[in-house]
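Please keep the sequence and the structure in view while reading.

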Amino acid sequence: MYVEMNIDNTLLRNLSLCFITAVCTHLSAQDPSYEQVVGGETTAVRILERTSKAEVDPMIYGQMLEDCNDNVVYGGVVNSEGEENPKVVELLKPLSIPVMRWPAGTAIYDYDWRRGIGPKGSRMPEKERVWGGTEYYTFGTDEFLGWCRKIGTEPYINICMGNSTAREVTLDDAADWVEYVNGSPTTRMGVLRAANGHREPYGVRLWCLGNENYLRAIIHKEETAEQYSDMLAEWSKRLKAIDKDLSLLGVGHVSTWNKTVINRVGDELNYLTLHYYITSQVNDRELLSPEKTLFASARVEENLKVNIPLLKEYNKKSGRRRNPLRFSIDEWNNRHKVWSDNRYSFTRKDDRRMYDVATTASMLNVFLRNSPHVAMANYIFPVNGHGLLKTVGESDAYKSAAYHVFDLYRRYMTGRSLSVSVSGPGMNGIRLKEMNVEGDNETTVDSMTCNLCYIDCAATSRDRGKTICIALVNRSYTKSQTVSLHLPGRYSIAEAWAIENDNVKAANSPNEREKIKAEQKYVDGKEVTIKPCGIMIIKFVKR
């Protein structure tokens with residue numbers, strides 16, 4: 001489908017009119033890649049350039065696999081005996097998931113990697129102290145790495161370092177794990193791996209040391225940034241002596257913590273992790289106070305803008321141009337708190353609905369706009385929980401609404417990030433503190449007030465500007481939004497895809513598996529209309 005799009009050059013000459021209002025009252029003037037003006041009936045989206053040096057790392061489309069008693073691993077990827085669900089592999093493989101984090105976040109405080117190797121019949125199950133349920137250990141290190149190869153993703157292993165009160169985790173434990181995975185067949189742990197049927201090293205390069213070490217909760221014990229950094233310095237030296245090619249991730253938090261970690265051990269790290277969870281209150285499938293969820297990604301973005309200068313300053317000072325320290329948004333999602341028994345309770349069982357399509361796409365837009373400083377992100381989860389797939393029994397599965405968002409973005413939103421301008425109807429005076437985001441929130445951001453458009457946008461280019469893709473999200477819960485598109489040059493529309501439904505509460509189910517899906521759209525080249533909580537991705541080619 002090719003539709004010619006002619007651009008009025010006067011729009012480009014008058015671009016300065018689009019910059020009369022900043023997104024937020026305290027927004028830094030650095031990297032003005034996304035600015036919005038609220039007003040009017042039609043939203044105008046303008047691409048400000050055809051090429052950019054801001055390379056988008058496809059690792060932002062990563063996933064996180066955690067056994068959290070919600071059938072993510074056991075009852076999801078495999079059954080308790082470790083037998084894989086073949087439909088899960090079949091459906092995940094086409095996504096070309098770039099990276100998979102495991103054993104993941106809080107579960108690492110319980111996880112004992114030694115119990116998950118060797119003959120499955122000799123592996124003893126263990127009650128999980130964090131999430132409840134049972135860790136069967138039938139999906140251990142070798143099984144995880146083999147499964148990653150089946151679906152075509154890069155494995156990323158998270159080591160518990162320092163803050164578990166459930167059991168003692170020593171540097172020797174961590175070193176043995178790295179050697180078991182990456183050591184030659186002649187090393188002590190390499191011999192053990194070979195005896196377990198895997199002679200050649202796996203060559204896993206991504207390893208994280210710790211998880212939320214700043215917290216005191218469940219079985220965490222709180223650490224200061226100084227304590228964490230000192231331990232990381234010792235552990236990284238030992239682990240890199242085993243494998244010098246490791247790419248290490250360190251635990252990030254708010255800017256004061258991050259500055260300490262960067263200054264002390266930045267030279268040891270490739271990534272610093274951050275966690276952000278949008279939250280929703282849901283009653284009878286209805287999203288309450290929808291603007292607090294649908295606009296929440298703006299709060300995430302402003303938190304990133306506080307921290308990105310720390311990376312830029314460090315990378316410049318240390319001369320890390322080719323291998324800069326970057327952020328990994330290691331955990332993110334839209335969590336539902338559902339009304340039940342006269343209260344709102346957190347659950348991972350609730351379906352992904354159209355408003356989750358909007359929040360998921362808006363978060364991906366944030367990562368795109370903040371490339372290359374955001375270079376990895378891991379959505380939770382690929383299977384069950386609030387994930388991309390829902391399983392039916394032990395051999396069947398279907399796609400949730402979120403699956404289709406990742407499918408479109410992974411196929412189209414790659415290349416280099418472009419600056420965009422968005423002006424149109426929206427909401428004035430949004431207080432970021434009231435936006436539903438849990439995680440690494442900065443107090444300075446919480447004092448900000450913003451004017452935000454209903455339409456959220458990110459854009460990328462490939463082939464030296466010959467191809468441009470635009471991702472549009474309608475953050476209105478009740479109204480369709482009309483968008484006019486303006487590109488710097490003469491382009492034709494090659495493809496347009498949308499995920500929409502007349503009911504923002506709609507979700508896929510075992511009996512209605514394609515209620516929400518991506519569908520190709522005809523676009524006339526000047527304007528598009530997007531239904532409430534819908535998204536649209538449009539591919540342009542230069543004429």
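The buried residues of helix H7 are covered by elements that include helix H6 (225–242), strand E10 (247–251), strand E11 (271–283), H9 and E13. Here helices (H or I, at least four residues) and strands (E, at least two) are DSSP runs, numbered from the N terminus, and contact means heavy atoms within 4.5 Å. The residues of H7 that are buried are Ser255, Trp257, Asn258, Thr260, Val261, Ile262 and Val265, where buried means under 20% relative accessible area, exposed over 50%, and partly exposed in between (1.4 Å probe, protein chains only).

The model is predicted, with local features needing pLDDT of at least 70 and side-chain atom pairs counting only at pLDDT 80 or more, while totals for chains, interfaces and linings use all residues. Residues are numbered from 1 along each chain as its sequence is written, and side-chain values use heavy atoms, with hydrogens and water left out.

**Helix pairs**

Two packed helices are described by the angle between their axes and the distance between the axes. In the table, axes are lines fitted to C-alpha atoms, for helices over the stretch in contact, and angles run from 0 to 180 degrees between N-to-C directions.

| Pair | Angle | Axis distance |
|---|---|---|
| H7 (residues 255–265) and H9 (residues 296–318) | about 15 degrees | 10 Å apart |
| H10 (residues 354–369) and H11 (residues 401–412) | roughly 30 degrees | within 9 Å |
| H4 (residues 171–182) and H5 (residues 188–195) | about 55 degrees | 7 Å apart |

Angles under 35 degrees count as roughly parallel, over 145 as roughly antiparallel, 65 to 115 as roughly perpendicular and the rest as oblique. H7 and H9 are therefore roughly parallel to each other, and in their contact Ser255, Asn258, Lys259 and Ile262 of H7 meet Val306, Asn307, Leu310, Leu311 and Tyr314 of H9. The residues of this contact divide into 5 nonpolar, 3 polar and 1 charged, given that Ala, Val, Leu, Ile, Met, Phe, Trp, Tyr, Cys and Pro count as nonpolar, Asp, Glu, Lys and Arg as charged, and the others, Gly among them, as polar.

H10 and H11 are likewise described as roughly parallel to each other. Val357, Thr360, Ala361, Leu364, Asn365 and Leu368 of H10 make this contact with Ala401, Val405, Phe406 and Tyr409 of H11, and by class its residues are 8 nonpolar, 2 polar and no charged.

H4 and H5, by their angle, are oblique to each other. Asp176, Glu179, Tyr180, Val181 and Asn182 in H4 meet Arg188, Met189, Gly190, Leu192 and Arg193 in H5, a contact with 4 nonpolar, 2 polar and 4 charged residues.

**The interior**

A nonpolar core is a set of buried Ala, Val, Leu, Ile, Met, Phe, Trp, Tyr and Cys residues joined through side-chain atoms within 4.5 Å. The largest such core has 137 residues, and those with the most contacts inside it are Leu65, Phe139, Trp147, Trp207, Phe367 and Tyr409; its largest share, 10 residues, comes from H10. A second, separate core of 25 residues includes Val420, Ile468, Met536 and Phe540.

**Valine 338**

Valine 338 lies in strand E13 (residues 326–340). Although 51 residues separate valine 338 from leucine 287 in sequence, the two are 9.5 Å apart in space, C-alpha to C-alpha.
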